[in-house]
Amino acid sequence: KRCANFGTCGANGDSIEGVSKINLDIYAEFAAGQMNLNLGNCDAARVNKDRISELMAVPLVQGVYRYAHKIDNLNDSSEKSKAEGAVFAAAILPRLHACNSNSAQIVYNNMKVGAVSTSFQDVKSAFEANYACMGITCADVGNLYNSDANTFFTGISQCVDTSPLNLDRIAGYLPGTNVVDHSLIDLDQKAIEEQIKVGTAESFNVARKIYEEGGHSKSFAEITLDTALVNPVNKGTSVIGESADGAWVYGSVMADYESNTRDIKVQYTVDADNSRVCYVGGLPSDKVDTSGCLMEVGSITISGQGAFNYQANNQGYNKNARAIQGFSTAAQSKMYEDCPGCPYKDFKQYYDYYGEFDYANKWILAAAQGSSTSFKNGNADFTSYDFIGRGEAFKKGTAYMSVWMYVIRELEDAIDDCNVECDIDNCNEDAVHAWDEGVAFYTGSEEEKDGSGSGALLYSLADKRCANFGTCGANGDSIEGVSKINLDIYAEFAAGQMNLNLG
């Protein structure tokens, strides 16, 4: 019934006829749960159950919307509509209350038996602000359809998900979460290598700027809203705006913001159809691409909050929050002191040897500027090297010292998340996301879905060296094809992801 009211019928959830997308998804979980129970995967069946309960909530939310809209927008004051709205609300309010008690109170006040007035927009905003917590999306719920006019109702603010999520394989590995943005770090590596190849003092300075400020990964905008937020906004809340040429730009807020806040940061969202991008940071001007950046002055829609006019709060309002340098400079906190599993075994070996937490960063900067390191062991004096030798140490240090260790860090972080957060009732998206991040940093974005591309990170290194050592192919006895090391590592990536999913 509800999919016809909200245009969420059919396999793609975009029709007003046929079986609801929710039923199709629920039945897929029914089948997967049965299989897991037959195999004795009891914890995995619990995950199926949890997803089913999330999906079962969608028709209830749609029911609340349908009758709130009838009462408020269509002036239907009948006892029947008010009673139906009240019972749909009663059926879902505990779930909403578990996410946000204030939002639940708003819905209750508007939909309760005997409510003096009903605001459809207030009800809708209260739910939408909690979609992520409830495990549902704007696409799951859809938009109210006017069957009399054969079109969607007008005058209703459109709920937008951060972006249509498109998860492509990473060299054969199927991520469980969106880590496309993370994989773009290899474009920073390539940009650094391009500048080093030029072999001048100026190009080395540009390469260092890219190393320190990034350019392709975790791009964001700093903007100032013309009017302050009326209600608090949670980190990750969806945002949609426009680029300078009028194209849609998707993103999410980067932090929790209290009401009355005007200055916010919006991180741009990318997925596997990454055709419009915001490449800024430390890139030289001829490499900057703002086709996917928010325009300098415009309007954004924050999910559950409505539309806000804004302006950039500084000239360089588009920036990057991820750079290869940060993989090393954050190591003391993220790998040695402030993590549940700290110190991580692999990182401790390197710290014990070099005597510096940011050993990779110190190596890279010494190579970049032609100076010496001051390690406990393994020092390097680049003062007598020219641009060729320094360049090799610079570009290989970024990929094989800084990124290399951060891959290990993400895998360790996944295990930390599993130990801390995963139990029979709660498995295990944070852990899988961290694991996926490790795969993305190992591989990058240029290896294609099957690993046949030409990357610049550790996957690419393994394939290059197997040709030198005769360790390519499934048996590790060839000089052509994918390295045996990559095949073995990817088998472990897949097994690790499965184990995290199962808790």
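Helices (H or I, at least four residues) and strands (E, at least two) are taken here as DSSP runs, numbered from the N terminus.

## Asn36 and helix H2

Asn36 sits in helix H2 (residues 21–38). The residue counts as buried because its relative accessibility is 10%, where buried means under 20% relative accessible area, exposed over 50%, and partly exposed in between (1.4 Å probe, protein chains only). Its side chain makes a polar contact with the side chain of Asn48 (2.8 Å). A polar contact is a pair of N or O atoms within 3.5 Å; within protein, one must be able to donate a hydrogen and the other to accept it, and residues adjacent in sequence count only if both atoms are side-chain atoms.

Setting aside neighbours within four places in sequence, Asn36 is in contact with Asn41, Ala44, Ala45 and Asn48. Contact means heavy atoms within 4.5 Å.

## About the model

This is a predicted model, in which local features need pLDDT of at least 70 and side-chain atom pairs count only at pLDDT 80 or more, while totals for chains, interfaces and linings use all residues. Residues are numbered from 1 along each chain as its sequence is written, and side-chain values use heavy atoms, with hydrogens and water left out.

## Helix H6 and the largest cavity

Helix H6 (120–128) is mostly covered, with seven of its nine residues buried. Those buried residues are Phe120, Val123, Lys124, Ser125, Ala126, Phe127 and Glu128. They pack against helix H3 (42–72), helix H4 (79–99), helix H5 (101–111) and helix H7 (131–134). A salt bridge is a side-chain nitrogen of Lys or Arg within 4 Å of a carboxyl oxygen of Asp or Glu.

Two cavities of 30 Å³ or more are found in a search of the whole structure. On a 1 Å grid over the protein atoms alone, a cavity is a set of points where a 1.4 Å probe fits but cannot get out, and lining residues have an atom within 4 Å of a point. Grid points are joined across faces, edges and corners, and a volume is the space filled by probe spheres set on the points. The largest cavity has a volume of about 80 Å³. Its lining has 13 residues, and Tyr65, Lys124, Gly142, Asn143 and Leu144 lie nearest the centre. H6 and helix H8 (138–141) are the elements that give two or more residues to this lining, and H6 has the largest share, three residues. By class, the lining holds nine nonpolar, two polar and two charged residues. Here Ala, Val, Leu, Ile, Met, Phe, Trp, Tyr, Cys and Pro count as nonpolar, Asp, Glu, Lys and Arg as charged, and the others, Gly among them, as polar.

## The second largest cavity

The second largest cavity has a volume of about 60 Å³. Its lining includes Phe327, Met335, Phe347, Tyr359 and Met401. Helices H12 (324–329), H13 (331–337), H15 (359–369) and H16 (387–421) each supply at least two of the lining residues, and H16 gives the most, four. By class there are ten nonpolar, two polar and no charged residues.

## Other salt bridges

The structure holds 20 salt bridges. In one of them, Lys287 pairs with Glu194, the closest N and O atoms being 3.9 Å apart. This pair links distant parts of the chain, 93 residues apart: Lys287 is in the loop between strand S6 (263–268) and strand S7 (297–302), and Glu194 is in helix H10 (residues 185–198). Lys287 is partly exposed at 41% relative accessibility, and Glu194 is partly exposed at 44%.

## Backbone details

Most residues other than glycine have a negative phi, and most peptide bonds are trans. A cis peptide bond joins Cys342 and Pro343, with omega about -10°; Pro343 is in the loop between H13 and helix H14 (345–354).

Asn150 has a positive phi near 55°. This residue is found in the loop between strand S1 (145–146) and strand S2 (151–152), and is exposed, with a relative accessible area of 58%. Lys218, also not a glycine, has a positive phi of about 60°.

Note on methods. 1 Å grid on protein atoms, 1.4 Å probe; cavity = no way out; pocket = protein on both sides within 12 Å on 5 of 7 lines; lining within 4 Å.
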